[in-house]
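Good morning, colleagues. Please look at the model on the screen while I describe selected parts of its fold.

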Amino acid sequence: MLTAPPIAEDDYLCETTVEQQKVSDTIKEIYEKLLNESNRDEVFDNEINVDLHLKYVESYLDEPLPDPYYVLDASQSWVTYWLTNAHVTLSGEDLSDDLKKLVSEKVNSLVIDEGRGGIAGGPNMHMGHMASTYVLLLSLVLAEDFASVDRIKDNLHGWLLSLKNDDGSFAMHKGGESDTRSTYCALVISSLSNMDTTELWAGTRQWLSSCQTYEGGFSGVPDTEAHGGYTYCAVAAFYLMGRQEGDFNEASLLRWLADRQLSLEGGFSGRSNKLVDVCYSYWVGGAFALLESSIGTDVFNKEALISYISNCCQDLKRGGLKDKPGKSPDFYHTNYALCGLSMAEYRFKNDKGDAYSFSAEERIAGSSYTIPVNPAFGWLIFLFIAPITVAAVVALSLLSKFFSFLYLDDSEAQRRRSASETATTSCNALVNDPISKVERFVRALEENLSPEQLYSSNNPDRNVAALPPFFQGSYTQALYMAINRGKFLYVYLTNPSNESSSSIFDHIVTNPKFISIFTSENRNNQNIIWGGDLTNSEAYQLANSLNVTKFPFLGVLCLTRTSTMTPQGPSKTPPKISLISKIQGGIGEGDPDKLIQSKFIKRALKYEPELALIRAELKDKYMSEMVRKQQNADYQQSLLKDRQKKAQKAQKRLAADYLRWKQSHILELRSQQDDREGKARIAIKMAGGNRETFYFPENSPIEDIFLFVELHQKSLLEEESNFTLSQVEAEEKFRDFSYPYQFRLVSPVPPLPSLSDYDKSTPVKDVGFIYPSGLLMVERL
C-alpha cells in the first residue's frame with residue numbers, strides 16, 4: 001500500500017468526490033482489519049483463491065449462459081475470450097480439446113464471407129467489427145486453430161484496408177468511429193495473421209504520436225482527454241510496430257501513469273479525478289510494464305497493486321474478481337484483474353522494443369498465482385513463435401457493465417451506485433455504457449416513488465412491483481429485440497430540466513395495470529420497456545425521430561405492414577417499425593385505467609395477430625439462416641478433412657520417398673562394416689527384442705542411426721534401392737523435410753539419456769554415451 005498522500009487534494013464536492021470518499025472509507029476499513037488481524041511487523045495479504053476463481057470461470061465455460069445473457073448477443077466474442085483467457089492465465093494450462101473445438105466452431109460461425117466482411121461480435125446478422133475480429137482471432141489461437149487464421153487472413157487484409165483512413169487510423173466498422181482502440185486492433189489483426197503491413201501501417205505511427213496529450217497520457221483521438229485504456233492501446237501499438245525514438249514523450253507518460261496509482265487503494269484509476277477500478281490493473285499496469293521492459297527497473301508500486309487485487313477485489317463466496325468493494329464479479333474484471341496481477345508478479349525486460357522479445361522473471365520466486373503475460377498482448381504465457389502461428393493481444397474494455405445486473409447484488413447495494421461510480425470503468429471511454437445509464441434513470445424514477453410504493457416494492461410479502469422492468473441495455477439493443485423478435489417496445493422519455501407534468505408517471509407508469517403488461521405470464525415474453533432522459537444521447541435522438549413535443553412521453557412501437565394489390569393478387573409490404581400509440585405531457589382528468597386500456601392494451605391486441613405472423617416468419621428466417629450456416633460449417637469442415645487427408649497422404653508418400661533415398665546410403669554403410677577405423681560401435685536393442693550391432697562413421701549425423709532402425713523395422717535393408725532422382729534433385733525435394741520417427745533411442749545407462757533429445761545433424765562423435773561405443777534401446781512412441 002502507498003503511504004504518501006495524493007499529489008493534489010480536490011476540495012470541490014461533486015458526485016465523484018463524494019463517491020471517492022465512500023470507496024476510500026470502505027477500502028480503509030478492509031486494510032485496517034487486515035492490520036489488526038496481523039502482526040504489525042509483518043502484514044500478509046489475502047491469498048488469491050485459485051480454485052474458487054477457476055470454478056467460477058469453468059462453471060460458465062461448461063454450461064450454456066442463463067437466459068438473461070441475451071443482452072450480450074452482440075458480445076459473444078468478448079465472453080468467449082474473457083473466460084478462456086482468464087482460465088489459461090490462472091491455471092497455466094491449455095484449453096481442453098473439447099473446449100478448443102467449441103471455441104473454433106463459435107468463431108468460424110461468426111466469420112463473414114470468409115473474412116471479407118471481418119468477424120461479427122455475435123450471430124443474427126451482426127456486421128463485422130474491428131474489435132470482435134481481433135478478439136476472436138485471439139480466441140482461435142487459444143484454441144490452436146491456426147488453419148482458420150491462415151484461411152481468412154488474405155480476405156481480412158482487404159477488409160482492413162477498406163477501414164483505413166487517410167490519416168493512418170482505422171475505423172471500428174464501416175461508418176464507425178476511429179480511435180486508438182480500433183487502430184490497435186487493426187495492428188494486432190495484421191500482426192497475428194502475418195499480413196503484408198507496408199500499406200496497412202503507412203502513416204499509423206505518426207497518427208498515434210499525435211494522440212499523446214499535454215497531460216502525458218494518450219487520448220482516443222488527438223486533442224481530447226487522456227485515458228488509461230487509450231494509453232495502453234497506443235503504447236502497445238508502438239511495440240507492435242517496433243518502438244522508435246521520438247514515438248512519444250516517455251517522461252511525461254511515466255508521470256501521468258504514476259498519477260493513476262491511488263495512494264490509499266493501491267490500484268489504478270483510468271483518468272484524472274476518477275475512482276479506482278481493477279481493470280486498470282492491466283490497462284495502466286500493462287503500459288507500465290511495457291516501459292519497465294526498456295528502463296530495466298520497477299516503475300510502479302507492484303506490492304500495492306497486489307494488495308488491492310487480493311484484499312479488495314476477490315469474491316470469496318461465488319468466485320471471480322470485481323471492480324472494487326461493493327460490486328459484483330464479472331467475466332471482464334476477472335480476466336483483466338488476473339492480467340494485471342501478472343504485471344505485478346513479474347519483472348519484464350525487452351532490449352529490442354518490439355512485441356516479441358520480452359522476457360519475464362518472478363519478482364519473488366515461487367510466489368506467483370498467474371503465468372507471465374506478455375505486456376504488449378496481455379495474453380497467454382510467452383510464446384515466441386512466428387506471428388502466423390501465434391501473436392496475442394489484450395482485449396479492449398467493451399460492454400463490461402452488461403454484467404452488473406446479472407450477479408445477484410442486493411437491492412440496497414444496487415441503489416447506492418451513483419452515476420459517477422458506475423462511470424469509472426474504462427467502458428466510459430471505450431464505449432457508452434447503456435446499463436449504467438438505465439440504472440441511473442431507474443434510480444431517478446425511484447426517488448419520485450411514494451413511501452407506500454417503496455414499501456410495497458421492497459416488501460416480499462406484498463410482491464408488488466412499483467416500476468415496470470426497464471430493459472437493461474441501450475435503446476439500439478431494445479429496438480433490435482423489437483425488430484428481430486417481433487416484440488412490442490414501450491419507450492418512456494423524460495426531460496429532467498423541463499418536466500411539465502408528473503401525471504403520466506404517477507398514474508400510468510407506476511399503475512399496476514400498466515406494469516402487468518410486462519409481468520403477466522401471457523404477455524411477459526412479448527413486451528419490453530426502455531426509458532431514458534434527455535441527458536442520454538439515445539433518448540434525445542429518439543425524441544427527435546418521434547417528433548416528441550411534450551414530456552414526459554410514453555409510446556409503444558412494433559413492426560407493422562400493409563397489404564397492397566398487385567396484378568398477382570394481394571401483397572404485403574416489408575415490416576417496418578412504427579409508433580402505434582402514445583401519450584405525452586400529461587393525462588388530464590381522464591381515468592388512468594381506461595387510458596391504459598384504450599391506448600396500450602387494445603392497441604396491442606389490434607396489432608398482435610399480424611405481429612404473431614411476423615414473429616413466425618422471423619423464426620423461420622432465423623432457423624433457415626442457422627441451417628444454412630450449419631450446412632456451410634459442415635461443408636467447410638468436410639473440405640478441411642479432405643485437405644487434411646490429402647496432406648496426410650502426400651506426407652506419407654514424401655516419407656516413403658525419403659526412406660528410399662536414404663536407403664542406398666545406409667546400405668553403403670553396411671557394405672563397409674569390416675572397415676572399423678574412425679567408427680563408433682553401437683549395439684541397438686530393437687523393439688522386438690533382437691539386438692543389432694552397427695558401425696557408424698564418427699562424423700556421420702546421428703540421424704543415420706535413426707534411419708538404420710527405421711529401415712530395419714520396415715525390412716528395407718534386404719531390398720535394393722529403387723530411388724530414381726539425382727542427388728541434387730533429392731536434396732531440393734527434401735530440403736525442409738523432417739522424417740516423423742515413431743520411436744525414441746534411449747541409453748539404458750543412468751541417467752538414461754535419449755538420443756532423441758539431440759539435433760539429428762549432431763555428429764556421432766559428439767555424443768558421449770554412444771562414442772566410441774554404446775548401447776541403445778528402441779522405445780516406440
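Predicted model: local features only at pLDDT ≥ 70, side-chain atom pairs only at ≥ 80, totals over all residues.

Leaving aside neighbours within four places in sequence, Ala478 is in contact (heavy atoms within 4.5 Å) with Phe471, Leu489, Ile528 and Trp530. Ala478 is found in helix H19, residues 475–485. Helices here are DSSP runs of H or I with at least four residues, strands are runs of E with at least two, and both are numbered from the N terminus. Is Ala478 buried or exposed? Because its relative accessibility is 0%, Ala478 counts as buried. Buried means under 20% relative accessible area, exposed means over 50%, and partly exposed lies in between, with a 1.4 Å probe and protein chains only. The C-alpha atoms of Ala478 and Tyr490, 12 residues apart along the chain, are separated by 9.5 Å.

Residues are numbered from 1 along each chain as its sequence is written, and side-chain values use heavy atoms, with hydrogens and water left out.

Now the chain as a whole. The protein chain holds 25 helices and 12 strands, and 51% of its 781 residues count as buried. Among contacts between residues at least 6 apart in sequence, 71% join residues at least 24 apart.

Two further buried positions deserve mention. Ser342 lies in helix H13, residues 331–345, and counts as buried because its relative accessibility is 0%. Beyond its neighbours within four places in sequence, Ser342 is in contact with Phe348, Thr370, Ile371, Pro372 and Val373. Val71 sits in the loop between helix H2 (50–62) and H3; at 7% relative accessibility, Val71 also counts as buried. The C-alpha atoms of Val71 and Gln472 are separated by 7.6 Å, although these residues are 401 apart along the chain.

Helix H3 covers residues 76–91, and its 16 residues reach 23 Å from first C-alpha to last, close to the 22 Å expected at 1.5 Å a residue. That expected span is 1.5 Å times one less than the number of residues. H3 is mostly covered, with 15 of its 16 residues buried. Gly92, which follows H3, has a positive phi near 70°.

I turn to helix packing. How do H4 and H5 pack? Helix H4 (residues 97–110) and helix H5 (residues 130–142) pack at an angle of about 150°, with their axes 9 Å apart. The axes are lines fitted to C-alpha atoms over the stretch in contact, and angles run from 0 to 180 degrees between N-to-C directions. H4 is therefore roughly antiparallel to H5. Angles under 35 degrees count as roughly parallel, over 145 as roughly antiparallel, 65 to 115 as roughly perpendicular, and the rest as oblique. The contact is made by Lys100, Val103, Ser104, Val107, Asn108 and Leu110 of H4 and by Leu136, Ser139, Leu140 and Leu142 of H5.

Helix H6 (residues 146–163) and helix H7 (residues 180–192) pack at an angle of about 140°, with their axes 10 Å apart. H6 and H7 are therefore oblique to each other. Their contact is made by Val149, Leu156 and Leu160 of H6 with Ala186, Ile189, Ser190 and Leu192 of H7.
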